[in-house]
Amino acid sequence: MAMPEKSSCTKSSKDFSHFPEIVELNVGGQVYITRYPTLVSVPGSLLWEMFSEKNPCSLIQDNKGRFFVDRDGFLFRYVLDYMRDRKLVLPDHFPECGRLQREAEYFKLPELVKMLAPKINMINSVANDLCQSDLEELPTNIDIACNLSSRNNIQVSGPDNPPALTANTGSDLKKAGFITIGYRGSYTLGRDSQTDAKFRRVARIMVCGKISLAKEVFGDTLNESRDPDRPPERYTSRYYLKFNFLEQAFDKLADAGFHMVACNSTGTCTITHDQTDDKIWTSYTEYVFCRE
């Protein structure tokens, strides 16, 4: 005789009483808690389809029972804010309007897409203007002519440069600055100081510096969850990388024109093993990179 299925999965797909009033979501690793009516407040949206057209048993859940959505967890906060009151409120100097519009399209929120369009147009128009701060380091006796309609190239001419010399705003006029990366590690050292140390893996690589430089170098591999919504001209010491390989970080910095100018490390003995006399050390190491 066939065994009866669980009652939670045998209810009609139109019976939504099994959805709790408070729903927990895991969006790209970020946890959100909201009310069920908020998730179905925009008819036709993706979340409305998930929580009004489907049975909970058909939705992906993480190991703690949260409904999982494989999207950008940082940007989802603005999607959820919009679904609560139909308004778009972004922090000053918000740099992710284009990516947020892509998320709005994915979640099938056409009104939010329309609200973001003017902001994206304004950002694009500003980007097409010549950034005076990028030209402050150029000699005052050279003539600069901008041709924004021709791939944002700057024609530079002067006594030491032929008129045909072209400098591209995206690659040659990069801003100078410093970026510091650091990591905490631990290692075990035996009784004999000449014994090979047993290093453990790097748990997290921290990034300190100007936000605009950090995003330029590391791009999507930069985790901003610990210090979100900061304008690009500000500084942070709370970003970290989504990978754990120092060499990968060094490669990205080298590709962006940075070179190492200093490094330091500290170590502290925290635990001594009773039986083997092995000592467990913890350390913090920093590398300072500069771009002229």
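Tyr32 and Phe76 are both buried, where buried stands for under 20% relative accessible area, exposed for over 50% and partly exposed for what falls in between, with a 1.4 Å probe and protein chains only. The model is a predicted one, in which local features need pLDDT of at least 70 and side-chain atom pairs count only at pLDDT 80 or more, whereas totals for chains, interfaces and linings use all residues. Residues are numbered from 1 along each chain as its sequence is written, and side-chain values use heavy atoms, with hydrogens and water left out.

**Aromatic pairs**

- The structure has 11 aromatic pairs, counted where ring centres of Phe, Tyr and Trp (its six-membered ring) lie within 6.5 Å, with planes under 30 degrees apart called stacked, over 60 edge-to-face and the rest tilted.
- In the pair of Tyr32 and Phe76 the ring centres are 5.1 Å apart and the planes stand at 70 degrees, so this pair is edge-to-face.
- Tyr32 belongs to strand S2 and Phe76 to helix H4, so that the pair links distant parts of the chain, 44 residues apart, with helices (H or I, at least four residues) and strands (E, at least two) taken as DSSP runs numbered from the N terminus.
- The rings of Phe250 and Phe289 have centres 5.5 Å apart and planes at 45 degrees, and the pair is therefore tilted.
- Because Phe250 lies in helix H8 (residues 246–255) and Phe289 in strand S13 (residues 279–291), their pair ties together parts that are 39 residues apart in sequence.
- Phe250 is partly exposed, at a relative accessible area of 24%, whereas Phe289 is buried, at 4%.
- Phe19, Tyr36, Phe51 and Phe67 are joined into a cluster by ring pairs.

**Salt bridges**

- The whole structure contains 13 salt bridges, each a side-chain nitrogen of Lys or Arg within 4 Å of a carboxyl oxygen of Asp or Glu.
- One of them joins Arg35 to Glu21 at 2.9 Å, N to O, and because Arg35 is in strand S2 (residues 30–35) and Glu21 in the loop between helix H1 (7–10) and strand S1 (22–27), the pair ties together parts 14 residues apart in sequence.
- Arg35 is partly exposed, with a relative accessible area of 42%, and Glu21 is partly exposed as well, at 43%.
- Arg84 and Asp81 also meet in a salt bridge, at 2.9 Å from N to O, and they are separated by about one helical turn because they stand 3 residues apart in helix H4 (residues 76–85).
- Arg84 has a relative accessible area of 44% and Asp81 one of 32%, which leaves Arg84 partly exposed and Asp81 partly exposed.
- Arg66 and Asp62 are both buried, and the closest N and O atoms of their salt bridge are 3.4 Å apart.
- A network of salt bridges links Asp72, Glu96, Arg99, Lys215, Asp220 and Glu224.

**Charges over rings**

- The charged end of Arg71 sits over the ring of Tyr106, 3.9 Å from its centre, by a rule that asks for NZ of Lys or CZ of Arg within 6 Å of the ring centre and within 35 degrees of the ring normal.
- Arg204 lies over the face of Tyr240, at 3.8 Å from the ring centre.
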